[in-house]
Amino acid sequence: ARARQRRFRSSRLLKAAVPISGRRADRDRSSSSSSCSYMYGPPRPTAIATFLASDDHYPGAQTMLHSLLRQMSSRDNEGGNNSSNSSTCYYPPELIVLVTPNVSREVKDMLCPIYCTRIVDVDYVPMPRRATAPKPSSAGAGGGGDAYTIDATQNGLRVKKKSSNGGSSSRNGSNGYGRSSSGSSHVSAWDTNCGLSKLAIFTLEQYSSLLYIDADCLVVRDVSHLLLPDTSSGPGGDGDCANANANGGGGGRLGLIAAAPDIFPPDKFNAGVMLIRPSIAVYDDILSKANAGEITSYDGGDTGLLNAYYSDWFASMPSSARLPFGYNAQRFMYNCTFSKRPQYWNEGVAGDDDGKAGKGGLYVIHYSSTPKPWEELERRTNGSRDAAKGFLDAASAGAVSKTAATELDTLWEEQYRKAQIYYYENDMKNAVNRRRIEEAQRRRARDEKKNEQLLLAKRRAEDMARAQCDAAAPAVVAADTDDRNGMHSVHKTVSKRYKELRREGMNPADAMRKARSEAGLDKCYSASAASQVGRMFGLM
């Protein structure tokens, strides 16, 4: 037994002598590549974020967040996409909403905490005019022939011929790039509400990785696997296991990690769904280059600007940076193809899904075009669509009739109603909890007030007793003085009589007993001798 104890102590000493980093390295080498351990304790949290620029988009944010919560809860109930890899550390992402000053306090309270973890207030950042101003075309330079450009009109696209000096022969102030020469975007709400405020997601460095989803999206399958550090769970990583575990996938790259392609041009990504690793340095660099005019936005919004900044997304970035189209499936493609060829959507986007995360299928529907589904729902509910037909000609009325609710619109409306029910149920629960909390606070206040009153009454009683004692103190002192003076005179009488009896020849004990008896002390003090002596000298 002593030998085993010595071996045990020696093994502990040997283990303690090995540096911490060495033990971690041994542990990491012994672990498999698919289950790398965190080397520096728990990782930083991850997040799924959306952006709200005004109260008008609250129905979209409400529906998107509710659909996200439903899909994440179903993932937890099913054990997750990586339930077989039990050694992987998984922390549920936070749900955050970035809001500008245009969003009211009421909307913030309706979003948090029912739909999201926290609200993040961001400042409005306008789009720099240099970033939206068109770059001069090099076509036709040097007089080598006529230059042509494409102009957007109400009926489609029109090819225009430009003059030799670079000017356009078109009218209405167009600059030959399908946009106004003022530099504004083709969506007025982007200029008045959004700008580049959405790019504030790059500044949230407290999160190791962040998945951004636009408020006009609908999550139809769980997408939180994109944030998992395990690179085998989806297209969020690039095969670097150590960096993936330390930073949440994508190796050591900062900024954009992955995005889904746009409809046109397809070699550009759409900024409605992005996986990023926040970096303030990247955010500052984007704004600096936009203000300097080094990068411009072809659509006047954040998608065009980010594509100009990440111009190598399609050609040079790793394949993991290109998410399948199903992670940002835009309704515009559905509207353009489904009526004539449903296979484009059913098979090309949502089909051939084997049920594994990151292997294809439909995850997020993006209602990027106008009108938004909640606007269409309001029109149909209020009957404004049918009322408007009376003021239109036959062709325009027919066009309005063709814009009836599609299958995707019906899907969104169904989720919107569920989101409202979810809100009212949780609001009722919160109201009950608030009433309980308020009642507990009132009860606590009553108890505190009662305790204060009891304490005050106790203090008053103590003060009254102290005052009575102070008032009676002179009389007590006087009585005590009289008692002491009386005892002193009795003592003198007993002592005098004792001496007389001794001179008469009586022994000391009989003399003391007779002297005390004559003074009346034998009846008052029939206690022990010690008590009698003490009382005689005024000690008791």
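**View A. Lys-372 is a buried residue, with a relative accessible area of 9%.** Buried here means under 20% relative accessible area, exposed means over 50%, and partly exposed lies in between (1.4 Å probe, protein chains only). Lys-372 forms a salt bridge with Asp-216. Their closest N and O atoms are 2.6 Å apart. The pair links distant parts of the chain, 156 residues apart. Lys-372 sits in the loop between strand 11 (364–366) and helix 12 (373–382). Asp-216 sits in the loop between strand 6 (210–213) and strand 7 (217–219). Asp-216 also counts as buried, at 8% relative accessibility. A salt bridge is a side-chain nitrogen of Lys or Arg within 4 Å of a carboxyl oxygen of Asp or Glu. Helices (H or I, at least four residues) and strands (E, at least two) are DSSP runs, numbered from the N terminus.

The model is predicted: local features need pLDDT of at least 70, side-chain atom pairs count only at pLDDT 80 or more, and totals for chains, interfaces and linings use all residues. Residues are numbered from 1 along each chain as its sequence is written, and side-chain values use heavy atoms, leaving out hydrogens and water.

**View B. Arg-118 forms a salt bridge with Glu-94.** The closest N and O atoms are 2.9 Å apart. Arg-118 lies in strand 3 (residues 118–121) and Glu-94 in strand 2 (residues 94–99), so the pair ties together parts that are 24 residues apart in sequence. Arg-118 is partly exposed, at 35% relative accessibility. Glu-94 is buried, at 19%.

**View C. Lys-289 and Asp-285 form a salt bridge in helix 8 (residues 280–292).** Their closest N and O atoms are 3.6 Å apart. Lys-289 is partly exposed at 27% relative accessibility. Asp-285 is partly exposed at 28%.

**View D. Glu-439, Arg-442, Arg-443 and Arg-446 are linked in a network of salt bridges.** Side chains of opposite charge can pair when their charged atoms come close. The model's salt bridge count is 18.

**View E. An open sheet is formed by 3 strands, in the order 7-11-10.** The pairing is mixed. Two strands pair if DSSP finds at least two bridges between them. Strand 7 and strand 10 (329–330) are the edge strands, and each pairs on one side only. Strand 10 and strand 11 pair in the parallel sense over 2 bridges. Ala-329 has Ile-365, in strand 11, as its bridge partner.

**View F. The largest nonpolar core holds 39 residues.** Such a core is a set of buried Ala, Val, Leu, Ile, Met, Phe, Trp, Tyr and Cys residues joined through side-chain atoms within 4.5 Å. Ile-96, Leu-98, Phe-202, Leu-210, Met-274 and Leu-305 touch the most other members. Helix 8 gives the largest share of this core, 5 residues. Beyond neighbours within four places in sequence, Met-274 is in contact (heavy atoms within 4.5 Å) with residues including Lys-198, Tyr-212, Phe-269 and Leu-306. Another core, of 37 residues, lies apart from it; Leu-52, Tyr-58, Leu-65 and Leu-227 are among its members.

**View G. Val-533, Phe-537 and Leu-539 form a nonpolar patch on the surface.** Together they have about 340 Å² of accessible area, by the Shrake-Rupley method with a 1.4 Å probe. Patch residues have over 30% relative accessible area and no salt bridge; nonpolar side chains (Val, Leu, Ile, Met, Phe, Trp, Tyr) are joined within 5 Å, and like charges within 9 Å. Val-533 lies in helix 18 (residues 529–536). Val-533 is partly exposed, at 45% relative accessibility.
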